[in-house]
Amino acid sequence: MTIKNKLRAGIGFLFTLALICCGMSIYFLNQLSSDAGAILKDNYKSVQYVQNVLSTIDSHPGKLTPEQIKVIDKNMALQDRNVTEVGERQFTDSARLTFEKLKEAGNDELQERQLSLRFRQHLYNVMRVNMDAISRKNDIANATSKRGSLLVAFLGAFLFLVAFSFAVNFPGYIANPIKELTARIKEVSNKNYHQQIHFESNDEFGELGEAFNNMTRKLDEFENSNLASILFEKRRIETIINSMQDAIIGLDEKQVIIFANQVACNLIGMKASQLNGEYAPDIALENDLMRKLLVNDQAKLRIFADNHEGFYSRESLSVSSKDKVIGKVIILKNITEYQQLDEAKTNFIATISHELKTPISSIKMSLKLLEDERIGDVNPEQRQLISNIDDDTRRLLLITGELLDMAQVETGKLQLNFGSTHPQNIVDYAVKAIKFIADQKHVEIKVKCDESLPKVHADLDKTTWVLINLLSNAIKYSHEKSTVELVVKKHKNDEIEFSVTDHGKGIEDQYLPRLFERYFKVPNTTSEQGGTGLGLAIAKDFIEAQAGKISVDSEIGSGSTFYFTLKRAIAAA
């Protein structure tokens, strides 16, 4: 039977008992009412008639008057019609006969007195019969009342006990299985799948218990079937991580160290058992390398471990699940060999560039002497050759100069001479240096630099070199008889922005992020537009060394805008 039907049966049973109790109460009340009604309707009226007759006789002693006779006749007639008890008819008829004789007695006082006494005797007998009936019926009514009270009390007590038992036990019948199910579910949530529920019922709770047991069995089977494979995969991943040459450290979302391979342990100087499960910031309090890994965003770190110095690149990878970060992995790649090769390359470039500057300068000096008419005349073909040699020599000087600048930046030997100067001075030097190239291509340089701008804190030579490089590139990529805008304005409260805008063909979006990389050249550029690919990289290093920023905006068909910022000079106190 289902819980719904059980509820219906229980409530229906209580309702039936209540109906029976109410019905019996109504029955006994009607019975008492009937008994009382019979007493009032029959016996009480007879007693009342007799009393009326006796009162009439006593009201005037002696011979009966016509008024008395009339009242007695009326009450005797009513009594004749209200005879209900055994023997009452006989006494009533005797009283009627005696009353008739009493009316005809005449003036015989003795006879009248005897008849009056006999009449009274008959009336008393009628009254006695009715009084006895009243007493008897009253006993019957009392018995009925007691029997009804007992039955109703018994039924009420039984109904109360049933209702009380129902009120006490039925909530537990509903709540206890739910309470047990809740406790089992909590155990399951703690991955304790060995949970079974046994409900001794064939209702919905029985079905629920069976479904719950099936669920826990399936979960236990799933857990056991996957646990071995999960442990195997865990051991395999740990083996792979430990076999890698890179240092790897895994953290959860609370910065607790989950794993650290042997390379990472060697670099940190601690065992895996000392790291795993520990709060990383606590380790960082006493370990410099861990502190650098947690708070330092430098891409390259110099670490001394195993009695030698090495260079490592730091990478941090966030681990996400359903758009929620659940941890991160820090990877240290050993780039010592590449660092050494890079330093050797930089030293080689710096040496070669420095050594090339002297012979190139000598060549330029010799070309100047050849162009001097005092040395001798040259024919047009020779003059053209001298001009070509001069152009190539100038290009070589430019390349060697850029290579030397790049070498200075990479070796950290870049020397900056900071000073306070007005932006107009930088603009004037750059425009004057580039004016000849602009005039050759008929490109107009429009300058907008307000005199009210504050001074900047910068290296005048390096900043002028950057601006000349940007203007030179803008002229290269501009059409003839076009314009290049040079604008200087306030960028933020403590920064001044220099921007150079050309109206050439623009640069595709895919190449913008790589413009400031060394040796990168935009594809499909002409030989006149192409360079070494070092100018913008060196410009970026020069500006960032002065705590500034350099960037570019470009759109195909609309030209490009290169801009950089410099810090505002602090006014003297």
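This is a predicted model: local features need pLDDT of at least 70, side-chain atom pairs count only at pLDDT 80 or more; totals for chains, interfaces and linings use all residues.

Me: In what order do the 5 strands of the open sheet lie?

Reply: Strands of a sheet pair through backbone hydrogen bonds, either parallel or antiparallel. Strands (E, at least two residues) and helices (H or I, at least four) are DSSP runs numbered from the N terminus, and two strands pair if DSSP finds at least two bridges between them. Here the order is β7-β9-β10-β12-β11, with mixed pairing.

Me: Which strands stand at the edges?

Reply: They are β7 (444–449) and β11 (550–555); each has a single partner strand, so one side of each is left without a neighbour in the sheet.

Me: What are the partners of β10?

Reply: β9 and β10 run antiparallel, joined by 7 bridges, with Leu486 partnered by Val500 in β10. A hairpin of 2 residues links β9 to β10. β10 also pairs with β12 in the antiparallel sense, over 7 bridges, and there Ile496 stands opposite Leu566.

Me: Is β10 mostly covered or uncovered?

Reply: Buried means under 20% relative accessible area, exposed over 50%, and partly exposed in between (1.4 Å probe, protein chains only). In β10, 7 of 7 residues are buried, and the strand is mostly covered. Glu495, Glu497, Ser499 and Thr501 point one way, while Ile496, Phe498 and Val500 point the other.

Me: How do the axes of helices α12 and α13 cross?

Reply: Axes are lines fitted to C-alpha atoms, for helices over the stretch in contact, and angles run from 0 to 180 degrees between N-to-C directions. The axes of α12 (residues 423–440) and α13 (residues 460–476) come within 9 Å and cross at roughly 35°.

Me: Which residues of α12 and α13 meet?

Reply: Contact means heavy atoms within 4.5 Å. Among them are Ile426, Tyr429 and Ile437 in α12, and Leu460, Thr463 and Ile475 in α13. The residues of this contact divide into 14 nonpolar, 3 polar and no charged; Ala, Val, Leu, Ile, Met, Phe, Trp, Tyr, Cys and Pro count as nonpolar, Asp, Glu, Lys and Arg as charged, and the others, Gly among them, as polar.

Conventions:
Residues are numbered from 1 along each chain as its sequence is written. Side-chain values use heavy atoms; hydrogens and water are left out.
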